[in-house]
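Here is a short walk through one protein chain. Keep the sequence and the 3D view side by side as you read.

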Amino acid sequence: MEKAANRQRVLLQHLQPTSSSLLSPQSHDSNISPSICSAGDGGAHERAPAFGDDVVIVAAYRSAICKAKRGGFKDTLPDDLLAAVLKGLIEKTNINPGEVGDIVVGTILAPGSLRGIECRMAAFYAGFPDTVPLRTVNRQCSSSLQAVADVALCIKSGLYDIGIAAGLESLSVDRMPCIRVNPKVESFQQAQACLLPMGITSENVAEHYGVTREAQDQAAVESHKRAAAATASGKFRDEIIPVSTKIVDPKTGEEKSVVISMDDGIRPSTNMGDLAQLKPAFKKGGTTTAGNSGQLSDGAAVVLLMKRSVAMKRMLPILGVFRSFAVTGVDPAVMGIGPAVAIPAAVKSAGLHLDDIDLFEINEAFASQFVYCCKKLNLDPNKVNVNGGAVALGHPFGATGARCVATLLHEMKRRGKGCRFGVISMSIGSGMGAAAVLERGDCADELSNA
């Protein structure tokens, strides 16, 4: 009983904004300190007194992810695809679209001004009034995770209370842009490396860090296996918004109305034997193939964020809490190692340790870099991409970050009490890595009012 009383006194000391000198002297006799109790998990995460200022995620959804030029969205315009998930978000949450302070869309391939206009049009299609502003953001493959961070920071700073982060990419419609090369690049080795094809950077990672073809193929098999199991069990139904669209027969030109609600890149029968038959895709004698690389895909995703006090006042369920975000730079020649640097930075920023993280969503741009990052950080395979990754699901560049938010938070919700903190991370073309730490929204302890 004495220990319990001491712990209660320490908890009260932590929760009170007043000086610890106001507590009874008996509290100082305990071996328990506020710094130890402040974490909840692993003695690391320090709670702030003003929980109402937490930035929370109320909802996160995505479209299905479909194979570029061959899949379910091959004939769907990008603005129609984004409009579908934005409209779905309104319908599922019953939010008043006019109360949204800003919409930030992560997207890569289309020219910025053109895609910005398309996204603005998509917001109108979805039912947002003209009073709600919108902008796009491009940080390569982390674009929609950057959008989530941008909205979270705007809410935290008081610019608005409710915001939407989204991601959009259509590789069926948009092509990789041609880069005009400055002759000066010849004098800067790392600038030259920024122009390397992503597949070559994958080969560099495999060669420099000893990632074998077998290890890459095994990671690909596991990705498809887990994604197929998640699909079969209905896990993705919680996060996917069905999209009504059309598919055009390339031979007859006949249009067919369809509803796309399932990812179409997953191959449940993928095995080591079949993958071993594939030739290197980027370099003679290399190890990166079409089978152990992230698929080129079409997709969109959307995340609704707001201040905790606003969510509680509206009695909205809290899916997750935004805890930290970090972007780090690495050598462009091995850009795929970015998560190995960004994840520790984001975890440290959240006041946590790697051991405190219960689930990871790491983008599988290439199996080579995915395998390296997991090995470098000594991550438990049973905590990483438990429902498959981009090798199986696909990688719609600008939408991947927001897609990972939806997948991670819905999985954390299913796992409940034993799953408190999650990390999302990806490498970034030209040599960077991004990572974010999220907390399960219904996680509650003595130090939380969730």
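**A walk through the chain**

Asn378 counts as exposed, because its relative accessibility is 67% and exposed means over 50%. This residue lies in the loop between helix H12 and helix H13, the latter spanning 390-393. Asn378 has a positive phi of about 55° although it is not a glycine. Bear in mind that the model is predicted.

Met315 is not a glycine, yet its phi is positive, at about 60°. Its place is in the loop between helix H10 (308-313) and strand E9 (320-329). Met315 is exposed, because its relative accessible area is 75% and the cut-off for exposed is over 50%.

Now step back to the chain as a whole. It contains 14 helices and 12 strands. Of its 450 residues, 56% count as buried. Consider also the contacts with a separation of 6 or more. Residues 24 or more positions apart account for 79% of them.

Is Ile65 buried or exposed? Ile65 is buried, because its relative accessible area is 2% and buried means under 20%. Leave aside residues up to four places away in sequence, and Ile65 touches Asp263, Asp264, Gly265, Ser297, Asp298, Leu393, Gly394, Pro396 and Arg403. Thr400 is 335 residues from Ile65 in sequence. In space, the two C-alpha atoms are 9.7 Å apart.

Thr400 leads on to a helix pair. Helix H14 covers residues 400-415, and helix H5 covers residues 143-157. The two pack at an angle of about 70°, with their axes 4 Å apart. H5 is therefore roughly perpendicular to H14, since angles of 65 to 115 degrees count that way. Which residues of H5 and H14 make the contact? H5 brings Ser144, Leu145 and Val148. H14 brings Thr400, Gly401, Ala402 and Val405. By class, this contact has 4 nonpolar and 3 polar residues, and no charged ones.

A second pair brings H12 back into view. Helix H8 spans residues 213-232, and helix H12 spans residues 367-376. Their axes come within 9 Å and cross at roughly 95°. That angle makes H8 roughly perpendicular to H12. Ala215, Gln216 and Ala219 make the contact from H8. On the H12 side, the residues are Ala367, Ser368, Phe370 and Val371. The residues of this contact divide into 5 nonpolar and 2 polar, with no charged.

Next come the open spaces. The largest pocket has a volume of about 1300 Å³. Its lining has 48 residues, and the closest to the pocket centre are Leu171, Met176, Met198, Leu296 and Phe397. Helix H7 (198-209) and helix H9 (272-276) each supply at least two residues of that lining. How does the lining of the largest pocket divide by class? It has 26 nonpolar, 14 polar and 8 charged residues.

Stay with H7 for a moment. Ile200 is found in this helix. Not counting residues up to four places away in sequence, Ile200 touches Phe282 and Lys283. Ile200 and Lys283 are 83 residues apart in sequence. Their C-alpha atoms are 7.2 Å apart in space.

The largest cavity has a volume of about 40 Å³. Which residues line the largest cavity? They are Ile95, Asn96, Glu99, Val100, Ile162, Met306, Arg314 and Leu316. This lining divides into 5 nonpolar, 1 polar and 2 charged residues.

Key: Residues numbered from 1 in each chain as written. Predicted model: local features only at pLDDT ≥ 70, side-chain atom pairs only at ≥ 80, totals over all residues. Heavy atoms only, no water. Axes fitted to C-alpha atoms, helices over the stretch in contact; angles between N-to-C directions. Parallel < 35°, antiparallel > 145°, perpendicular 65-115°, else oblique. Contact = heavy atoms within 4.5 Å. Nonpolar A, V, L, I, M, F, W, Y, C, P; charged D, E, K, R; others polar. Buried < 20%, exposed > 50% of the residue type's maximum accessible area, 1.4 Å probe, protein only. 1 Å grid on protein atoms, 1.4 Å probe; cavity = no way out; pocket = protein on both sides within 12 Å on 5 of 7 lines; lining within 4 Å. Points joined across faces, edges and corners; volume = space filled by probe spheres on them.
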